[in-house]
Amino acid sequence: MGGFSRLIPFLWPHRRALFASFGFGCIVAVLWGANLSIAFPLVKVLMEKQNLHEYVSSEIERHEQEVQFQESRIQDITGQLALYGPDGTAPPKSSPEQPTETYVELQSRQVLAARRETEASTRLWRMQWVQHYAMPWVPVDRFQSFALIALLVLAATAVKGVFIFLQDVLVGRVMQQVTLMLRKQTLRKVLNLDYPRLAEHGAPDLLSRLTFDTEQVAAGLNLVSGKMVREPLKCLACVALALWVNWRFTVMSMLFVPVLGLFFSWYGRAVKKAGRRMTERMSRLYRILEETLDGLKVVIGYGRAERHHTLFHKEYKDYLSKAMRVVRIDAIARPTTELLVMLALFAALLPAAYLVLNDKTSIWGVKLAADKFDMAQLTVLYALLAGCLDPCRKMTVIYSRLKRSASSVDRIFELLDLETRIEDPASPVPLPRLHKSIEFQNVCFSYPSKNAATHRGQVLNNLSMRVNVGEVVAIVGQNGCGKSTLLNLLPRFYDVDSGDIRLDGIGIKETSLRDLRSQFAIVTQETLLFEGTIAENIAYGVSQVTDDEVLAAATLARVLPICEKLPHGIHSRIGEKGRELSGGQRQRIALARAIVRDPAVLILDEATSAADNESADLIHQTLQEFSKGRTVLMITHSMTPRLLEFVTRIVVLDEGRVLAEGHHADLVESCPVYRRLFHANDQDDDATTSDRCRSAA
């Protein structure tokens, strides 16, 4: 079972349905064996041209004679044993009755005769039961008997089909429910993990585990609860009936079982290893597809469709090579399994055929049959042992799929076993709404990386800064200086390597994540909206919100002019990720989503980067109104006059440290880095204005 044992908690609530499925599988197995056992009466009727009533009567007569014969032998041996003394001493030689065998030999003969008498009595009882209860229903005419047997086979097949249907439907229903539970728990785990761990895996890998791997697990569970129950039971039923026909030949056929077990052991390891590599390549395919579909506009605009097609083709070739290894292993397994089963079959049938054709019960002095073996018994033994072939062949396919599912189980539970590195303290300190300051104290940070070649090094280096409540602080600096990183540390998307961040004197690691993150609202550079209406996207900021609060936030963020142009106003749907709206419109909706949250601290990461001048002016107006009496931390590359109207302080970062801070006029005079950034923005603005003028002309 391997990793499947970890799925027991998911299966346990459905144990009754699974037990019922097992019961259905047992019924199917019994009917399978019964259908094959019909070969015996068919041979009697068709090949030996014998009436079944006559056959049963002759068998009863034969077994009665056998019982009488063995009883007379036992009496005779008992009489000879009586000549010996109580301690087994031989009688005197002068005695007229002198036994020809020793006391021990006579005892062995007596035990053998008693065993044969018991076997004959058992067979006699069975035949008498058949004569009394079954034969009244069997026609005397041989054709009518054959027709009845055919009808019984047809009825048994129909009933077997009904139970197979019931089992498959029952198992399918359970597996759908288990798959849903597994996906929900996996998604819950993903949402509870820290952002760095999720970033390490990446969206394609997580998506692969939530979709492809869970589908593989569901397929494996479906087999375990359905065919993996039914097929071994069918095989077991055939073996049990074959043991009843002749246990000696059946045991001989099992000599190849250890070889089959060794083969399946190798086969399972090979399939699981190849299956895991195949699923990993599927994750890489998901990555290529996600990048291509997310960047369709760029791909089409730059005419690079062929490049992405080539990348997909290359990755798919890699996936195909791993998938073909699984196919080759499967291709080896099926004929090998069939060959081993056929060898086992012939190991039993060749000696049995020898006994039938030569009218014997032993080979080289080894007794292989209690009575003479006839053609009907040989036929039914062949049918039963051959009946094991079909389940074994199916189990080869099932086993392959199970091992591939096992690799997916491992991948899912690797994710479920991950522990978040950013978690609540054992005894969190309550964090009231911010009313004093935010302090960064000697903060050092570098992004985690699995690959040393891609490690960025230290991003923040002993950074210290204080932000008082009510300040609107603009953080500026060159790309890569740590601006976004600094603000990502506040809600603990990442944890600092050293140093501390304190809100009103309370370290952010000392309070719960819920209390901490309730203080903030975030508007990012890459605005993300969700499928739904504008109102639903604004209300996303809080769990409980009224229509009036949504409308007030939309009004403040200048969203209503957008709604007026849409057919259903604020309740208009905006498509996947809001792609039916412009960048500036999306930014305003994202700002309304932050406003409805009524945060103590508003974090803006290039909030106007995707907006045109008109939208940027509207956003700045909103910020100027909303920031009154509220702490705002914003990252910007463009210090416009509109921003300077309400920004209270500017902080310049360089190489992970605070290079300078103060008012705009002072920094222009005293800080070369800020002056260079500011004048570069002026030149960009002049160039943009000039381009617009030329276009208008």
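Leaving aside neighbours within four places in sequence, Arg 588 is in contact (heavy atoms within 4.5 Å) with Ala 557, Arg 558, Val 559, Ile 562, Ser 615, Leu 618 and Ile 619. Arg 588 sits in helix H21. Its relative accessibility is 7%, so Arg 588 counts as buried. Buried means under 20% relative accessible area, exposed means over 50%, and partly exposed lies in between, with a 1.4 Å probe and protein chains only.

This is a predicted model, in which local features need pLDDT of at least 70, side-chain atom pairs count only at pLDDT 80 or more, and totals for chains, interfaces and linings use all residues. Residues are numbered from 1 along each chain as its sequence is written, and side-chain values use heavy atoms, with hydrogens and water left out.

**The chain as a whole**

The protein chain has 25 helices and twelve strands. Helices (H or I, at least four residues) and strands (E, at least two) are DSSP runs, numbered from the N terminus. Of the 697 residues in the chain, 45% are buried. Among contacts with a separation of 6 or more, 77% come from residues 24 or more positions apart.

**Two packed helices**

Two packed helices are described by the angle between their axes and the distance between the axes. H21 (residues 583–595) and H22 (residues 613–626) pack at about 10 degrees, with axes 9 Å apart. Axes are lines fitted to C-alpha atoms, for helices over the stretch in contact; angles run from 0 to 180 degrees between N-to-C directions. H21 and H22 are therefore roughly parallel to each other. The cut-offs are under 35 degrees for roughly parallel, over 145 for roughly antiparallel and 65 to 115 for roughly perpendicular, with the rest oblique.

Which residues of H21 and H22 make the contact? H21 brings Gly 584, Gln 587, Arg 588, Leu 591 and Ile 595, while H22 brings Ser 615, Leu 618, Ile 619, Thr 622, Leu 623 and Phe 626. By class, this contact has six nonpolar, four polar and one charged residues. Here Ala, Val, Leu, Ile, Met, Phe, Trp, Tyr, Cys and Pro count as nonpolar, Asp, Glu, Lys and Arg as charged, and the others, Gly among them, as polar.

**The sheet**

H21 also lies across strands E8 and E9 (601–605), running at about 175 degrees to E8. Six strands form an open sheet, in the order E8-E9-E10-E5-E11-E12, with mixed pairing. Two strands pair if DSSP finds at least two bridges between them. The edge strands, E8 (520–523) and E12 (657–662), each pair on one side only. On average, neighbouring strands are turned by 20 degrees against each other, direction ignored.

Is E5 (residues 472–477) mostly covered or uncovered? It is mostly covered, with six of its six residues buried. Val 472, Ala 474 and Val 476 lie on one side, and Val 473, Ile 475 and Gly 477 on the other.

| Strands | Sense | Bridges | Bridge partners |
|---|---|---|---|
| E5 and E11 | parallel | five bridges | Gly 477 and Leu 653 |
| E11 (residues 649–654) and E12 | antiparallel | five bridges | Asp 654 and Arg 657 |

**Another buried arginine**

Arg 123 is in helix H5 (residues 103–134). Its relative accessibility is 18%, so Arg 123 counts as buried. Arg 123 and Glu 59 are 64 residues apart in sequence, and their C-alpha atoms are 8.7 Å apart in space.
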